[in-house]
Amino acid sequence: MPAVGYLGPSGSYSMLAAEKLCHGYEKVARPSFRMLVNSLLNGESEVIVLPVENSLNGGVNQNLDLLQATDGIIAFEQCTVKIDHRLAILSGAEISGIRRIYSHQQALEQCGEYLFSHFPGAKLIATQSTSASLDMIKTPEDAGIVGAHVCRAGIELSAENIADEKNNCTNFLLIKKGLADTIRKSSYIFFSATCSHAPGELNSLLSVLGAEGLNMTKIQSRPIKGRSGEYRFFIEIEADISQKTVQTAIEKFKSRANSFKYLGIY
């Protein structure tokens, strides 16, 4: 049975994305995003799922950097998972007694106003994933933030979503080993690029896409390691790579960019 790797443990939002994208695959949890990528490269996983953008917190920078830095992998499918954060406590514990709250850093940030209002003195402690926080709930003073889908004996979840913004979702990409030219048709093209570090250069580069009638659906920037003040741009466009006009437009863009790399065609 083919295996899909996801950020574990079981019950994480990444597991939901794996179930959504890979019916019939064995689901294999990994403790970190870097280990997920390594499992793909060494053949332990046929595919992996990586979160790349949250509607509240923006890009998942660690994974954007991993996609950029890792040769021979490509995203070929994407999905969106609704985020519904619940406070998890030991059954029978009093909310007023909570002193420590565990969860993934993004979940802690996304529930920041709620936590400040209800637990101003509590210590907020980051874990590898939301579901990993369940293992940290050992006393009535401990709490976690997990998805509404999580169920474990001895643990109670809050009745309501505690996120500050209820309309919250995360985009996941399904990644495999391979190159962009193995994918023949798409709705979106995701790539990274750099341009000269001079006034107007980015605008000049992006104008190539506009001139060719391509709709840019997102752009994010990340500092270039070792080059202070310079940035790499992560760009998604709505386009079908099988169309000759799109291929020509991309070639024009690549000829103007200092660097270019396909990250996903899906």
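These notes cover the helix packing, the nonpolar cores and the strand pairing of a predicted model.

1. Helix pair. Helix 6, residues 201–211, packs against helix 7, residues 244–256, at an angle of about 170 degrees. Their axes lie 9 Å apart. Angles over 145 degrees count as roughly antiparallel, so helix 6 is roughly antiparallel to helix 7.

2. Helix contact. On the helix 6 side the contact is made by Ser-204, Leu-205, Leu-206, Val-208 and Leu-209. Helix 7 contributes Ala-249, Lys-252, Phe-253 and Arg-256. By class, the residues of this contact are six nonpolar, one polar and two charged.

3. Largest nonpolar core. This core has 24 residues. Those touching the most other members are Ile-189, Phe-191, Leu-209, Ile-235, Ile-237, Phe-253 and Tyr-262. Two or more residues each come from strand 12 (188–194), helix 6, strand 14 (231–238), helix 7 and strand 15 (259–265).

4. Leu-209. Leaving aside residues up to four places away in sequence, Leu-209 touches Phe-191, Leu-214, Ile-235, Ile-237 and Phe-253.

5. Second core. A separate core holds 19 residues, among them Phe-33, Leu-40, Leu-50 and Leu-263.

6. Strand 11 and its partners. Strand 11 (residues 169–177) pairs with strand 3 (residues 47–54) in the antiparallel sense, over seven bridges. Within that pairing, Pro-51 has Phe-172 of strand 11 as its bridge partner. Strand 5 (residues 73–82) also runs antiparallel to strand 11, and nine bridges join the two. Here Lys-82 stands opposite Cys-169 of strand 11. Strands of a sheet pair through backbone hydrogen bonds, either parallel or antiparallel.

7. An open sheet is formed by five strands in the order 8-7-9-6-10, with mixed pairing. Strand 8 (123–127) and strand 10 (155–157) are the edge strands, each pairing on one side only. On average, and with direction ignored, neighbouring strands of this sheet are turned by 30 degrees against each other.

8. Strand 6 (residues 85–90) and strand 10 are joined by three bridges in the antiparallel sense. Across this pairing, Ala-88 stands opposite Leu-157 of strand 10.

Technical notes:
Residues numbered from 1 in each chain as written. Predicted model: local features only at pLDDT ≥ 70, side-chain atom pairs only at ≥ 80, totals over all residues. Heavy atoms only, no water. Axes fitted to C-alpha atoms, helices over the stretch in contact; angles between N-to-C directions. Helix = DSSP H or I, 4+ residues; strand = E, 2+ residues; numbered from the N terminus. Parallel < 35°, antiparallel > 145°, perpendicular 65-115°, else oblique. Contact = heavy atoms within 4.5 Å. Nonpolar A, V, L, I, M, F, W, Y, C, P; charged D, E, K, R; others polar. Pairing = 2+ DSSP bridges. Core = buried A, V, L, I, M, F, W, Y, C linked by side-chain atoms within 4.5 Å. Buried < 20%, exposed > 50% of the residue type's maximum accessible area, 1.4 Å probe, protein only.
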